[in-house]
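Dear colleague,

I am handing over the structure below, and I would be glad if you could look through it alongside the notes that follow.

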Amino acid sequence: PNSVYKQGDTISPLVEITLEKGKCPLEGLIVLLVQEMVYTCNLDDDDEMRKKEVLVVGEHVIDDKIVPGEKKEFSELNIVVEKNLPVTGFPHCEHIEVGYFVHAVAKAGKLYDDVVVKLPVIIMAAEEVRKQGENINDVDEENSECIKGEGHEKIAMTKDGLEEVQTEDVGELEDDMD
């Protein structure tokens, strides 16, 4: 399993669900690519403030029901990493941190809580991956204009139904993006 992707790649996770015997079936599975951005004001000052923004930038929905006692494997999941997504870490800007996660959400119905597994992934610019030894033929021409995170601009994603933005004040966060 790979956890490093470049802009324009397709993430194809393998999700296996084993549902123990009981009375709660699962109604489906949703796999999300989630971007977490932390904006910092007054960096390294006493009054440093941080704000965290969570944005769903890709999804794959499967409506297959899973009954108690059943084991099911989902391998036909595909989430495209948009070519204009900022890379992990947002280099050249110390006031913005960017992290990406794949969330596998087992939908348990209205009476029960959904089960979520969150795995970190790294998104790199196509040129950076190429420098690390990847075959140049694997990178298409359109990736040559990828956003590398220079400047302080905010990237707004507009993808039918995927513009779910949740912001929260997080005060003083640790340096990691958990």
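Two rings of Phe, Tyr or Trp, with the six-membered ring taken for Trp, count as a pair if their centres lie within 6.5 Å. By that criterion the structure, which is a predicted model, holds zero aromatic pairs.

As to confidence, the protein chain has an average pLDDT of 76, and 70% of the residues score at least 70. Among its elements, strand 5 (residues 49-62) has the highest mean pLDDT, 95, while the lowest, 36, belongs to strand 10 (residues 165-169). Over residues 133-178 the pLDDT stays under 50, although the model has 94 contacts beyond four places in sequence for these residues.

The largest pocket has a volume of about 530 Å³. It is lined by 29 residues, of which Leu14, Val15, Ala104, Val117 and Leu119 are the closest to its centre. At least two residues of this lining come from each of strand 3 (15-18), strand 4 (28-41), strand 8 (96-107) and strand 9 (115-124).

With best regards

Technical notes: Residues are numbered from 1 along each chain as its sequence is written. This is a predicted model: local features need pLDDT of at least 70, side-chain atom pairs count only at pLDDT 80 or more; totals for chains, interfaces and linings use all residues. Side-chain values use heavy atoms; hydrogens and water are left out. On a 1 Å grid over the protein atoms alone, a cavity is a set of points where a 1.4 Å probe fits but cannot get out, and a pocket is an open set with protein on both sides within 12 Å along at least five of seven lines; lining residues have an atom within 4 Å of a point. Grid points are joined across faces, edges and corners, and a volume is the space filled by probe spheres set on the points. Helices (H or I, at least four residues) and strands (E, at least two) are DSSP runs, numbered from the N terminus. pLDDT is the predictor's confidence in each residue, from 0 to 100. Contact means heavy atoms within 4.5 Å. Rings of Phe, Tyr and Trp (its six-membered ring) pair if their centres lie within 6.5 Å; planes under 30 degrees apart count as stacked, over 60 as edge-to-face and the rest as tilted.
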